[in-house]
Each structure stands twice: as C-alpha cells, then as structure tokens.
There are 4 protein chains.
Amino acid sequence: MGRKNKNMAFNQEKKKDQIIFAAMILFAKKGFAKTSMADIAKEAGIGKGTTYEYFKGKDQLFFATFQWFVDHCEKAATLSFTELAPKSGAEKIRVFSQSILNSLKGSEEFYPLVLEFWAATASSRYRDKMKKAFKDLYKRIGDVFVAIINEGIENNEFDPEIDIDSVVPAIVGVWDTIGLQAWFHDGSNDEFNMEKTMLSFTDLIIRGLLKKQ
Amino acid sequence: MGRKNKNMAFNQEKKKDQIIFAAMILFAKKGFAKTSMADIAKEAGIGKGTTYEYFKGKDQLFFATFQWFVDHCEKAATLSFTELAPKSGAEKIRVFSQSILNSLKGSEEFYPLVLEFWAATASSRYRDKMKKAFKDLYKRIGDVFVAIINEGIENNEFDPEIDIDSVVPAIVGVWDTIGLQAWFHDGSNDEFNMEKTMLSFTDLIIRGLLKKQ
Amino acid sequence: MGRKNKNMAFNQEKKKDQIIFAAMILFAKKGFAKTSMADIAKEAGIGKGTTYEYFKGKDQLFFATFQWFVDHCEKAATLSFTELAPKSGAEKIRVFSQSILNSLKGSEEFYPLVLEFWAATASSRYRDKMKKAFKDLYKRIGDVFVAIINEGIENNEFDPEIDIDSVVPAIVGVWDTIGLQAWFHDGSNDEFNMEKTMLSFTDLIIRGLLKKQ
Amino acid sequence: MGRKNKNMAFNQEKKKDQIIFAAMILFAKKGFAKTSMADIAKEAGIGKGTTYEYFKGKDQLFFATFQWFVDHCEKAATLSFTELAPKSGAEKIRVFSQSILNSLKGSEEFYPLVLEFWAATASSRYRDKMKKAFKDLYKRIGDVFVAIINEGIENNEFDPEIDIDSVVPAIVGVWDTIGLQAWFHDGSNDEFNMEKTMLSFTDLIIRGLLKKQ
DNA sequence: AATGAATGAGGGTTCATTCAT
DNA sequence: AATGAATGAACCCTCATTCAT
C-alpha cells in the first residue's frame with residue numbers, strides 16, 4: 001500500500017510536470033495569451049478537464065511554470081558555485097561566467113518564456129510574488145559574485161575601491177541582456193555571437209576589477 | 001481649403017497620438033492582453049469605433065505604440081550623441097551613460113511597456129518587424145559607443161586589445177538590465193539604487209577600457 | 001436630437017424588455033438552470049453577446065425578470081384596490097379575490113416562473129433582495145386586505161374579535177397555494193377547479209369574518 | 001449467509017440514506033443546481049464514484065430525496081390522523097392543525113428544499129412523477145380534512161352548505177404559505193409569527209365552518 | 001469623421017459521469 | 001463494493017471588430 005501510494009504520488013507529480021512542460025513549450029512558442037488551456041492539454045496528451053485537477057486555472061499554471069523556471073535557475077546557479085575550484089578571482093569569474101553561458105545556450109527555445117515572465121511581473125495577479133522571486137534570484141546569483149570579488153580584494157587581486165554591491169547587479173544582468181539580444185538576432189543573417197560577447201565582457205569586467213599596478 | 005486640409009491632417013495626427021498615448025498608458029499599467037480597445041477609447045476620450053478609423057486593429061495599434069517608443073529612444077540616443085563635447089573618452093562615456101540614466105529615470109511608469117514589447121517580440125504577428133527594430137535600436141546606440149571607444153583607442157586613451165564589437169552589445173544591454181532590476185525592486189523595501197549602480201558600473205567599464213600603464 | 005435620444009432610450013428599453021420576456025418564457029419552460037444565455041438570445045432574436053450589453057450576467061438578468069414580476073404584481077394589486085366600489089366589506093373581499101383570480105388565470109404559463117423565484121430566494125446571490133421583495137409584496141397586498149377588514153369591523157359588519165394582522169398573511173398566501181395546486185393538476189385528468197376553489201374559500205373566509213348574530 | 005446478505009442489504013439501505021440525507025442538507029443549503037455530486041459525496045463521507053453505485057445520476061438522486069420527503073410527509077399526516085381523539089370537529093381541526101404546525105416548526109432548515117421540489121416540478125425530467133406525487137400528497141392530507149368536516153356536518157356541528165371539496169385544498173395549502181412566508185421573514189427584524197397566524201387562521205376557518213345559529 | 005450598438009468567435013472553467021483498479 | 005483520476009460536453013462571458021447612422 002505504501003508503495004502504491006508512493007507511486008500514485010509519483011505519477012501525479014509526473015503528470016503535473018507533463019502539464020508544466022507542455023505549458024512552457026507553448027507559452028514560449030505562442031505567448032501566454034495566445035495559448036489556450038485546450039492547447040496545453042493536447043500538447044500534454046491529456047483531456048482538457050484534467051489540467052484543472054492539477055492546477056486551479058490558467059494563471060496558476062503560468063505561475064507554476066514560473067516557479068519551475070526559478071527553481072531551475074537557482075539549481076543551475078548553485079551547481080556552478082560548488083564547481084568553483086580554488087583558483088584566482090579572475091579564474092573564478094570566468095568559470096562562473098562560462099557556466100551561466102552554458103545554461104543559456106542549452107535553452108534558446110525557452111528564452112521567450114523569460115520575456116513572458118518579465119512581462120507578467122507587470123500585469124499578472126502574481127505580480128508581487130514574481131517580482132520578489134526575480135529579486136531573490138538575482139540576489140542569490142549576485143551574492144556568489146559578491147563573495148568572489150570580496151575574496152579577490154582580500155587576496156589583493158581586486159581593487160578595494162570598487163563599489164561591489166552597486167556593480168554586481170549590472171554584471172549579473174548582462175546575462176539577461178545577452179540572451180535577449182541573441183533572441184533579437186535569432187533568425188536573421190547578422191548573427192550575434194553570444195559566446196564572444198560574453199567572454200569579451202567578462203574580460204572587460206576583470207580588467208576593471210583588477211588592482212592597478 | 002489648403003489650410004483646412006492641413007488642419008485636418010494635423011488633427012488626425014493629433015488624434016492618432018492621443019490614441020497611442022492612451023494605449024501606452026494602459027498597456028504599461030495592465031498589460032496588452034488585459035487592456036481592451038474600449039478601455040483605450042475611453043482613456044483617449046473618444047468613441048469605441050473611432051479607434052478603428054486610425055488603426056486597423058489592436059495588434060496594429062500595439063505596433064504603433066512600439067514604433068513610437070522606438071522612435072523616441074532613437075531620438076534620445078541621437079540627442080545625447082550631439083551633446084557630447086570634445087572631452088576625453090572616459091568623460092564621453094560618463095556623459096552618455098548619464099543621459100541614458102536620465103531618460104530611464106523619467107519614465108519609470110512606462111517601463112512595463114518595454115517588457116510588453118519584449119514579450120510581444122516573441123508572439124506578436126509583428127514579431128519579425130519588432131525583432132528587427134530592437135536589433136536596429138541596439139545597433140544604433142551601440143554604434144555611438146563604438147565610435148566613442150574607437151576614438152579613445154586612437155587617442156591612446158583606451159586599450160586596443162579590447163574586442164569592441166563584441167563587448168559593446170553587453171554594455172549597452174546592461175542599461176536595460178538596470179531598468180529591469182529597478183522594476184523588480186519597485187514597491188519593495190530594499191530599494192535598488194539605480195543611479196549608484198549605473199555610475200559604479202560605468203566606472204568599472206572605464207577602468208576596464210583604459211590602457212594599462 | 002432630443003427626440004432621437006428619446007427614441008434610442010425607448011428602443012433600448014424595448015430591447016431590455018425583449019430580453020426579459022424571452023428569459024421569462026424560457027425560465028418558465030425549462031427552469032433557470034437549464035436555460036442557457038444562448039437560448040435566451042435566440043428566443044429574443046438577438047446575438048449572444050448583445051444580452052450582456054443590457055444585463056451584467058445571467059444572475060442579474062434573472063433578478064431583472066424577478067423585478068419585472070414583482071412590479072407587475074404590485075400594479076395588479078394596486079389596480080384592484082382602486083376598483084373597489086363603496087360596497088359592503090364582503091363584496092369588497094369578493095371583488096378583490098376575483099381580481100386576483102383573474103390575474104392568476106391569465107398567466108398560467110408563467111406560473112413555474114414563480115416557483116423558480118421562490119427557489120431562487122433560497123440559493124440566489126440576490127437572496128436577501130428577493131426575500132425582502134417578496135415580503136414587501138405580501139405586505140402590500142395584505143395591507144389592502146387589512147384595510148378592507150378594518151373598515152368592515154368599524155361598519156359593524158365583521159367581528160372585532162378577529163386577530164386581523166395574524167390572519168391576513170394566511171389568507172393572502174392561500175392565493176399562491178391555489179395557483180400552486182392548479183399547477184400540480186395541470187396536464188392531469190382530475191382537473192382542479194381553481195375558480196370554484198377560490199370562490200368557496202372566499203365564502204368561507206367571509207363567513208368566518210362576519211359578526212355572529 | 002442469509003444474515004450476511006441481510007446485513008449487506010441493510011448497509012446498502014443505510015448508505016443510500018446517508019447519501020440522501022447529505023443531498024438534502026446541501027440541496028436545502030445551496031440549491032440543487034449549485035450542489036455538485038462531489039459535494040454530496042464529501043458530505044456523505046464516501047467516495048465520489050460511490051454515489052453512482054446507489055443512484056443512476058444527479059437527477060435520480062434528487063428524485064430520491066423528493067420521494068423521501070413525500071414519504072416523510074405522508075407518515076406525518078397519517079400519524080396525526082390516528083392521534084385524533086373523539087372530540088368535536090372544531091377540536092379535531094385544531095389538533096390536526098397544531099400537529100402540522102409542529103412538523104413545520106421542526107424543519108425550518110429544510111424548507112428551501114421544498115421550494116426546490118416545487119421548482120423542479122416545472123423543469124425536472126421527473127416533472128410528471130413529481131406533479132403526481134404532490135397532487136397525491138395534497139389529496140391524502142385533504143382527505144383527512146374532508147373526513148373531519150363531513151363528520152362535523154353529520155354531527156350538526158358544521159354547516160352543510162359548505163362546498164367541502166373546493167374549500168379543502170385552500171385550507172391545506174395554507175400550511176405551505178405559512179412556511180413560505182416564515183422563510184421570507186427569516187433573518188429579518190420584523191418577525192413573522194408562524195404559530196399565531198396558524199392559530200388565528202384555524203379559528204377563522206372554524207368560525208366559517210360552524211353552523212350559524 | 002465619429003459613434004456605439006450589435007455581434008459571435010473563442011476560451012476559461014465546471015462538473016456529471018465513467019472506468020480501471 | 002468502493003474509489004477518484006480522467007474526461008469532454010456544456011456554458012458563461014469577454015471583447016475585437018463591424019456597420020448603420
């Protein structure tokens with residue numbers, strides 16, 4: 001019985017995820033407004049009414065999708081953090097930077113979803129929760145950066161004059177903008193080299209952080 | 001008669017703008033999807049049907065607001081450019097940066113509109129036009145920056161090793177990102193100091209660009 | 001212009017009534033729950049969406065139907081009252097009674113609607129308003145009766161021992177009950193003679209009211 | 001084995017009643033339309049699907065509650081009848097009257113259910129069965145009254161001129177109307193005194209029935 | 001040119017019912 | 001016998017759009 005219940009719970013969780021993934025695919029492809037609950041059910045391979053067994057409504061499903069995304073990002077950020085070997089501050093920044101780049105590169109098709117999320121922070125009923133979640137996410141990733149830079153300052157590698165707290169949000173946000181611009185260039189001829197931009201920017205930042213001789 | 005026609009044309013332009021402004025206000029406040037054509041007409045102080053005399057439909061009106069926004073941005077960018085006095089490259093960057101900051105600070109309430117534009121870029125029927133417009137806008141602003149930096153390199157102020165073309169999109173995008181994060185913090189207690197972040201970031205960039213002794 | 005506006009108002013009022021009548025017919029025939037807004041629009045000969053130009057929703061339309069009914073009843077009661085000639089109390093009661101009977105007889109097909117109203121009084125969101133309206137309606141009709149009886153007592157025709165205020169609600173209610181039972185018998189073989197029942201009952205009441213010699 | 005079967009039958013009967021009671025409570029509280037099968041199952045403390053082991057569907061369950069109600073009423077009426085001592089006709093009417101009043105007073109919360117039943121006689125698929133059941137119920141109760149009055153006429157207590165068959169339905173119906181009006185007044189300040197109205201009306205009727213000296 | 005009454009396609013949601021377990 | 005996950009028909013309502021005035 002215990003097993004059975006566990007399986008049921010597992011299956012329920014599985015179906016919930018099924019729906020979330022179907023929603024993510026369609027929200028990314030057509031946008032939230034133009035995706036109907038019927039579309040999502042079809043994509044998930046279930047009946048129209050079934051969706052409502054797992055989510056109260058379209059808004060809540062959207063929010064669940066958002067939460068899935070935030071969790072995913074936090075996991076990605078945490079993972080990268082633990083991978084940081086005891087190298088120089090510059091190296092750490094490069095590794096971290098690269099790891100973010102990797103996770104960006106794997107999910108191009110979901111990028112429009114992030115735009116939907118941003119837009120929703122303005123108009124959704126979950127607006128406050130979403131704002132907070134985004135803020136927290138940025139803070140969490142930013143804190144990693146702050147730690148790296150502080151360490152670098154202590155080690156006499158980075159310049160103590162830098163106003164870390166102010167500058168970090170800008171650095172963290174670069175990833176967003178790179179994804180955004182990659183998206184704007186997607187499908188056009190004049191390609192945007194995400195990787196090159198990322199690396200050059202990282203170099204520039206490091207040059208700016210380093211203590212002047 | 002000539003005058004009359006001219007007046008009519010003028011009035012039409014005026015009414016068109018009236019509608020665009022009304023749309024912008026509401027799109028920013030409630031989002032595109034949740035704003036009805038009736039709402040817009042009401043806000044513009046005209047009849048529901050009149051909107052269709054000036055715009056083919058909601059999508060086109062949305063696109064018109066987008067175009068208005070892009071034009072506005074381009075004008076702002078151009079304006080700043082002409083204001084650049086013959087100072088050092090670092091000074092120019094600071095002036096340019098400040099001018100962007102000023103235009104950001106003046107239009108907080110319209111910031112969600114940009115989010116709508118970004119989101120629409122993914123799902124709108126005008127998706128390709130919008131992508132292109134955004135790309136062009138970034139390019140145009142970027143070009144100003146590229147020019148400044150190139151000039152700085154020629155003047156032996158900035159380091160020629162910098163891969164300018166790759167790094168500029170990231171720098172330009174950061175301004176968006178700062179606006180975005182300011183928006184996420186809006187309404188919460190832990191305020192985000194847009195100005196400080198912007199200035200610190202500009203400093204960092206300049207430090208990175210400067211030729212090492 | 002005044003005329004035009006007036007006409008428009010008139011037409012709107014007319015369309016509102018059109019919808020109310022269509023709703024009444026269908027609510028009476030199929031009940032509130034089984035009548036769809038589409039049914040009503042069709043019956044009224046208008047588009048589905050048009051209904052919502054005149055009524056906020058199905059519930060409000062139902063309530064409007066109820067209000068129409070209450071107004072109609074009050075008018076009927078008032079009318080009868082003014083028709084009462086300066087006859088004996090017994091005669092007045094007979095006239096009043098007959099007038100109620102007449103209005104009952106003319107609207108058999110709408111009788112189920114009253115049942116819907118009663119039922120809705122329990123479960124509708126307008127429950128309190130409906131309760132009050134019914135109470136007021138009964139009171140208003142009852143008051144006519146109270147006046148007649150009081151006059152009869154003053155004229156030494158009716159027995160002063162009668163507890164008028166207590167008994168009148170019962171008498172007034174009997175008319176409902178007669179309609180109800182007529183409805184139960186409708187369509188069956190063993191006909192229910194509403195008229196005879198009404199008259200016999202009226203006689204009985206009068207016998208009870210009259211002063212004993 | 002026989003016992004076991006009997007127990008199962010007994011349990012089935014018990015569960016059937018459980019469901020019926022649950023349905024009655026909810027139909028009375030929220031109305032038929034607003035009560036879901038899931039609500040009923042929950043209230044009955046059983047699974048959603050189980051209801052369908054005992055009743056074919058929502059309509060049939062509703063009809064079962066109706067039948068339960070009718071049986072209950074008939075039992076109540078029969079009971080009162082046997083309690084009638086060999087008193088005067090007037091006394092019998094008073095006793096009967098009081099006994100109905102008692103059963104009314106004990107079941108205020110279920111009164112809306114009767115309204116649902118009435119409404120359903122118009123729109124339910126069981127409409128004809130329900131009409132007949134109501135007719136029979138009224139007839140059965142009426143017959144008791146007819147018997148009492150006939151006896152009274154034979155005993156020279158009541159006036160032979162009374163058209164008994166016509167007048168009895170009106171008298172019987174009074175109980176409905178008293179319940180109805182009590183329901184309309186429920187929750188308001190200007191209380192309706194059910195008992196007083198009932199007694200005064202009974203008095204009036206008896207005065208009307210009594211032979212004039 | 002300006003209007004707003006009328007429209008109906010479209011979509012979110014509910015819920016009675018089924019059926020595999 | 002008991003269950004509750006799954007289903008899709010049905011329905012309320014919104015709103016972009018049209019068109020007669």
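This is a predicted model: local features need pLDDT of at least 70, side-chain atom pairs count only at pLDDT 80 or more; totals for chains, interfaces and linings use all residues.
Residues are numbered from 1 along each chain as its sequence is written, chains are lettered from A and ligands numbered from 1 in the order in which they are written, and side-chain values use heavy atoms, with hydrogens and water left out.

**Around DNA strand E**

Stay on the phosphates and select B:Lys15. An N or O atom in its side chain is 2.6 Å from a phosphate oxygen of DNA strand E. Then go to A:Lys58, where a backbone N or O atom lies 2.9 Å from a phosphate oxygen of DNA strand E.

Colour them by class, with Ala, Val, Leu, Ile, Met, Phe, Trp, Tyr, Cys and Pro as nonpolar, Asp, Glu, Lys and Arg as charged, and the others, Gly among them, as polar. The surface near DNA strand E then shows eight nonpolar, 13 polar and 11 charged residues.

Helix H3 (51-54) of chain B, and helices H1 (2-30) and H3 (51-54) of chain C, each supply at least two residues of the surface near DNA strand E.

**Chain C against chain D**

Select the residues in contact (heavy atoms within 4.5 Å). Chain C contributes 54 residues and chain D 53. The two chains bury about 4,500 Å² between them, 63% of it on carbon and sulfur atoms; buried area is the accessible area (1.4 Å probe) that two parts lose on being put together, summed over both. C:Lys135, C:Phe184 and C:Arg207 supply 17% of the area that chain C buries against chain D, more than any other three residues.

Next, pick C:Asp186 and D:Lys131. They form a salt bridge, with the closest N and O atoms 3.7 Å apart; the term requires a side-chain nitrogen of Lys or Arg within 4 Å of a carboxyl oxygen of Asp or Glu. Between chain C and chain D the count is four salt bridges.

On the chain C side, helices H1, H6 (111-123), H7 (127-154), H8 (164-185) and H9 (194-209) each supply at least two residues. The largest share, 15 residues, comes from H8(C). By class, this side divides into 24 nonpolar, 13 polar and 17 charged residues.

**Chain A against chain B**

Move to the other pair, where the contact takes 53 residues from chain A and 54 from chain B. About 4,500 Å² is buried between these chains, with 63% on carbon and sulfur atoms. In chain A, the residues that lose the most area to chain B are A:Lys135, A:Phe184 and A:Arg207, together 17% of what that side buries.

Technical notes
A polar contact is a pair of N or O atoms within 3.5 Å; within protein, one must be able to donate a hydrogen and the other to accept it, and residues adjacent in sequence count only if both atoms are side-chain atoms. Helices (H or I, at least four residues) and strands (E, at least two) are DSSP runs, numbered from the N terminus.
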